[in-house]
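Thanks for asking me to look this one over. My notes are below as numbered points, to be read with the model open beside them.

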Amino acid sequence: MSSVTNPNIPEISWFGALCDDDYEFLGQPDPALASSWAHCSNIVQTADRNGFDNVLLPSGYTLGIDSTSFAAGIATQTEQINLLLAVRMGEMHLPQLARQLATIDQMAEGRLTINIISSDIPGEALDSAPRYQRTREWMQVLRQLLNGESIDFHGDFVDLQLDPPRLIGPASTCAPFYFGGFSPAAKDVAAAEADVFLTWPDTVAAVRDTVQEMTTLAADTYERELIYGLRAHVIVRETEAEARAAAEQLVSKLDADSGDAIRNKSLDAASFGVARQAALRDTAADDGFVEENLWTGVGRARSGAGAAIVGNPNQVVSKLRAYQEVGIGAFILSGYTHAAECDLFAKHVLQNIDHAPLKPRFTH
């Protein structure tokens, strides 16, 4: 079991946009904003300079560039920011994955964190139950390897008996696992194996309900505690009117067909979480706001996190604190365009919130 000291100080992270998800106008691809080493490294280095605690490096197959290769490259090009590397369970031979992660963590001088992805591997489709059983086994064995423990594991998807490589010694400590999912199988795996449970943007009341549900499940079934993270977009400007205008400009060239095409590109386009984001849009007012300062327009052209916190600096800070009050201890934020919005959020909001990376605070 793992826990985190000082859980009331949130981790605030940015987003690396490795999966071709950077736009000036949603639905209007711009070659200058396409995922590439130059473009994405600029985003991550901007977040590093601005003092963000962590940065999500998402994983896609048909979209963008490879997250693991990128993490290795950017590890020595950043100074203080942690790297939240997304890896798909089952996509790579487990011992090799463990060795790669340990190597990247060494290159980053201990700044690696791990985002566990349970979606289908490219070219195959598994039903939910076996897919999450594979994820459970991979998380268990990966944690053991990264803790420097020998493996003698014989499951449905992993059949492995070996010692960890020299790079991963007995004094090693596995980086925290961030994991999200909304199906019953996903929630059970998260309660049993994750360190940080990630949820997508929703109303404050709905996020509170998710935190309470997962807290009960983890404690009653597995005698564990979780930290909770919120993945959301943000649009902050000096005035609320300017922020709302920026939101409207973002979707001003979007038509329904192109939005549908973008949403359907993702391997998780039919997941429980994506369905919830669609339902959130359906309950929003005509202007796209589902509650104060929570705008669902981003989800018109995005499969995953589909809502943005929109407002002036005080409103954005207040919204983040409202989520903190219902149990959120980590935020993974993004905005369009990612480097420019990173600067705006740092200028208007980041300096007004106490925050710190989670990884150094974990105890095992």
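1. Among contacts in the protein chain with a separation of 6 or more, 76% are between residues 24 or more positions apart. Please keep in mind throughout that this is a predicted model.

2. Next, the overall make-up. The protein chain contains 11 helices and 15 strands. It has 364 residues, and 57% of them count as buried. Its accessible surface is about 14900 Å², with 48% of that belonging to carbon and sulfur atoms.

3. Is serine 41 buried or exposed? Its relative accessibility is 7%, so serine 41 counts as buried, the cut-off for buried being under 20%. Setting aside neighbours within four places in sequence, serine 41 is in contact with Ser36, Phe70 and Ile74.

4. Strand β2 (residues 11-15) deserves a point to itself. This strand is mostly covered, with 5 of its 5 residues buried. In a regular strand the side chains alternate between the two faces of the sheet. Here Glu11, Ser13 and Phe15 point one way from β2, while Ile12 and Trp14 point the other way, and all are buried.

5. Which strands pair with β2? One is β14 (residues 328-334), which pairs with β2 in the parallel sense over 3 bridges. In that pairing, glutamate 11 stands opposite alanine 330 of β14. Another is β3 (residues 54-57), joined to β2 by 3 bridges and also running parallel to it. There, phenylalanine 15 has leucine 56 of β3 as its bridge partner.

6. For a contrast in covering, turn to β6 (residues 151-154). Its covered face holds Ile151 and Phe153, and its uncovered face holds Asp152 and His154. β6 is joined by 4 bridges to β7 (residues 159-162), and the two run antiparallel. Phenylalanine 153, from the covered face of β6, stands opposite leucine 160 in β7. How many residues does the hairpin from β6 to β7 run through? The hairpin joins β6 to β7 through 4 residues.

7. Last, helix α5 (residues 184-193). This helix is mostly covered, since 7 of its 10 residues are buried, the cut-off being under 20% relative accessible area. The buried residues are Ala186, Lys187, Val189, Ala190, Ala191, Ala192 and Glu193.

Note on methods:
Residues numbered from 1 in each chain as written. Predicted model: local features only at pLDDT ≥ 70, side-chain atom pairs only at ≥ 80, totals over all residues. Heavy atoms only, no water. Buried < 20%, exposed > 50% of the residue type's maximum accessible area, 1.4 Å probe, protein only. Contact = heavy atoms within 4.5 Å. Areas by Shrake-Rupley, 256 points an atom, 1.4 Å probe, with all protein chains shown as cover. Pairing = 2+ DSSP bridges.
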